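Try each task before you read its solution.

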Amino acid sequence: MANIVSGVLFIAFSTFMYLETFSFRKARFDRLGPAFFPRIVLVVMGILGLALLITALRDSVGSSKKQRAGRLPVQVIATFAMFGVYVMILPSLGFVFSTTLFVVGFQQLLKPTRWTRLPFQLLVTVVISYGLNYVFLNFFNVFLPEGFWS
Amino acid sequence: MWDHVLLGFGEIMNGYTLLYIAVGVAAGLVIGSIPGFTVTEGVALTLPLTYGMSAVGGIATMIGVFVGAMTGGLISATLLGIPGTGAAIATTFDGHPMASRGEPGRALALGIVSSFIGGILGGVILVVAAPWLARWALDFGPWEYFSMTLFALTVIASLTGDSLLKGLLSGTVGLFVSMVGMDKFLGVERFTFGFYQLSGGFSFIPVLIGLYAFSQIMTNIEDGVAANAQVQARFSLRQEGHTVMKDLSSSTFNLIRSSAIGTLVGILPAAGGSIANILSYDQAKKGSKHPELFGKGSPEGVIAAESANNALAGGALIPTLAFGMPGDAATAVMLGALMLHGIEPGPLLFSTQPGLSYGIIASYLVANVMMFVILSGGLKAFTQVFRLPGHVLFPYVLIFCAIGSFALHHRVFDIWILFGFGVLGYLLRKGGFPLPPLVLGLILGPMAEVNLRRAVMTDYSLLPFVTRPISLFFLILAVVSVGYAVRPQIQSLGRKSQQVESE
C-alpha cells in the first residue's frame with residue numbers, strides 16, 4: 001500500500017512541477033535554458049514513479065497476505081507537532097524560554113516523570129538553555145532569537 | 001612535495017589547532033558511538049562552531065570529528081550489536097559475536113588498531129596522489145565534470161541495496177531539491193512559489209541535518225531505542241595485545257586490501273562509509289581461507305570493516321580538495337566550511353595554497369594518531385555514554401540541530417527547512433527509500449547542470465562528450481556501473497522465467 005501511495009505521489013508531483021517549468025523565462029544564448037535539466041529530472045522521476053506504482057500493484061495483486069495496518073506512531077507525530085510549535089514560538093518567546101518548554105515537554109513525552117520532579121527538571125533545563133545561549137552568543141557570534149522580552 | 005608536506009604540518013603544529021583536533025576526535029568518538037547518530041551529523045553539528053576559527057583550524061576540527069566518528073561507531077557495534085554509524089554496519093557482523101562470546105577487548109582492540117592503520121594508509125595515498133590528481137584535474141573541462149558527475153550518480157544508484165528503483169527515485173528527489181532557487185545562468189527563479197527566502201535555494205545544512213539527524217531520532221523513538229544499554233562485559237585492552245598482534249600479522253593482506261578499497265571508494269565522489277566497510281567485508285570473506293567463520297566472530301571481518309571505513313576518510317578528501325567535489329556527505333559539509341571561509345577547492349588549491357591544502361592532509365594524519373591514543377587510553381570513559389537515556393539525549397540533539405540550521409543565516413526559516421526535511425526524511429525511511437542518493441543528488445545536481453549547460457554553450461555539438469578521452473572514460477564507467485546495478489535484477493528475472501518454463 002505504501003509503495004502504491006508513493007508511486008502516485010511521485011507521478012502527481014513530477015507532473016505538477018513539469019507544468020510549472022513552462023513559466024520559466026528563456027534566453028537566446030543559452031540553448032538549453034533553465035527548464036531543460038528540471039524537465040529531464042522530472043520526467044525520470046515520473047517514469048520511476050510509474051514503475052514503482054506498477055510494481056506495487058502487481059505485487060499486491062499477486063500477494064495472498066492481507067496487509068495489516070501498522071500502529072500509528074503517536075510519539076513521532078507528537079514530537080513533530082511539538083517541534084513545529086517550538087519553531088513557531090521561538091521568534092516571539094525567545095530561545096531560552098522556548099527551548100525550556102520544548103525540552104521538558106519532549107522529555108515528558110518520552111518518559112513521563114512525577115509532577116514533583118517537574119520544578120527540578122525545569123530548573124535544570126533553564127540553566128542549560130541559558131548556558132547554550134550564552135556560549136553561542138559569546139563564543140560563536142550566533143545571535144539566537146531573544147523574543148519580545150528584549 | 002615533501003617540503004609542502006612539512007609546510008602543512010607547520011600550519012597545524014600549534015597549541016590551538018592540535019587542541020581543536022583532539023577535542024574534535026574526542027567529540028567524534030562520542031557522536032559515532034551513539035547509535036543513530038551518523039558521521040555526517042557529527043561533522044555538520046561542528047560546522048557552526050568553526051565560524052570563528054581560521055580556515056585550517058576549522059577544517060582540522062571537522063576532520064578530527066570525521067575521523068573520530070568513523071571509529072566511534074565501532075564501540076556500539078561491538079558492545080551492543082548496533083552500528084553507531086553507517087560506516088560500522090559490517091563491524092557488527094563479527095565484532096558483536098566476538099564480544100558476546102567473552103572477547104570484547106579483542107574485538108575493540110582489533111577495531112582500534114585496524115582503524116588506525118587504515119587511516120594512516122589512506123593518508124599516505126592522500127599525500128602521494130592528491131597533487132597528482134590535482135594536476136590531472138586541470139585537463140578537466142565542463143564535459144569531463146559532467147561525465148564524472150553522471151558516473152558518481154550512477155555509482156550511488158548501483159549501491160543502494162534492496163531497491164534500485166527506490167534508490168533512483170531518492171536521487172531524483174535530491175536532484176530536484178538542488179534546482180529550487182535562482183538559475184545559475186539567467187537568475188530565473190525556479191520552484192520558489194513566491195518564497196523570497198528560497199531565492200538562494202535550500203540551505204544545505206538544514207536539509208542534511210533534517211534528513212539524517214531529525215529523521216533518525218524519530219525512527220529511534222518509534223523503535224523504542226533509548227540508548228540505555230548496559231555494558232556487561234569487562235575488558236582490558238592490554239591483556240588482548242598479544243592476541244591482537246597475532247590476528248593482524250596473519251591478516252596483513254586483508255588489512256592492506258581493505259584499506260585500498262576504503263580509499264578508492266572514498267575517492268569516488270559521492271560514495272560513503274557504509275559502502276566501503278560492506279564492500280571490503282564482502283571481499284575479505286570471498287578471499288578468506290575460512291569464510292564459514294565470518295559472521296561468528298572472525299577477526300578478519302572486524303579488520304576488513306574497520307580499516308576500510310577509516311581509509312575512506314582519507315580517500316574522500318582527495319576529490320574534495322582536488323576537484324571541489326565531495327567524496328561523501330561528510331566531506332560535502334567540509335566543502336561548505338571551506339567555501340564559508342572564502343576558499344575554493346579545486347586543482348589550483350595545491351599550487352596556490354599549499355599551506356592550507358597540506359595542512360588539511362596533515363591534520364588528517366594527526367587526527368588518526370590522536371584517535372588511536374585517545375581511544376586506547378580512554379575507552380572505558382567513552383563507553384559511559386551508553387548510560388545516557390534517550391529521553392535526556394534526544395531533545396538536546398534536536399536543539400543542536402535547530403541551532404545549527406539557524407546559525408547559517410540567522411533565519412528561523414532555515415529551522416522550518418530542517419523541520420520539513422526531517423518529516424520528508426522520516427517518511428522516506430519508512431517507505432524504504434535510502435537517504436544517501438538524495439543527499440548526493442542534492443550535492444551533484446548543480447554540478448551536473450552547470451557543466452552540461454556550459455558544455456553546450458561552448459560547443460552546441462554533443463560530440464566532445466565522447467571524443468574527449470577523459471569524458472568518454474567516465475561515460476563508459478557510468479554505463480558499466482548501471483550494468484552492474486541492473487545485473488542482479490536481470491539475473492533474477494532470468495531465474496524466474498526459467499522456473500515458469502520448467503513448471
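**Exercise 1.** Does B:Asp183 count as buried or exposed?

*Solution.* A word on the ground rules first: this is a predicted model, where local features need pLDDT of at least 70, side-chain atom pairs count only at pLDDT 80 or more, and totals for chains, interfaces and linings use all residues. Residues are numbered from 1 along each chain as its sequence is written, chains are lettered from A and ligands numbered from 1 in the order in which they are written, and side-chain values use heavy atoms, with hydrogens and water left out. Now the answer: B:Asp183 has 4% relative accessibility, so it counts as buried (under 20% relative accessible area; exposed is over 50%, partly exposed in between, with a 1.4 Å probe and protein chains only).

**Exercise 2.** Find the salt-bridge partner of B:Asp183 and follow the contacts onward.

*Solution.* 
1. B:Asp183 pairs with B:Arg453, with 2.5 Å between the closest N and O atoms (a salt bridge is a side-chain nitrogen of Lys or Arg within 4 Å of a carboxyl oxygen of Asp or Glu).
2. B:Arg453 lies in helix H19 of chain B and B:Asp183 in the loop between E1 and strand E2 (189–190), so the pair ties together parts 270 residues apart in sequence (helices, H or I, have at least four residues and strands, E, at least two, as DSSP runs numbered from the N terminus).
3. B:Arg453 is also buried, at 2% relative accessibility.
4. B:Arg453 meets B:Glu449 in a salt bridge too, at 2.9 Å, N to O.
5. B:Glu449 is buried, with a relative accessible area of 5%.
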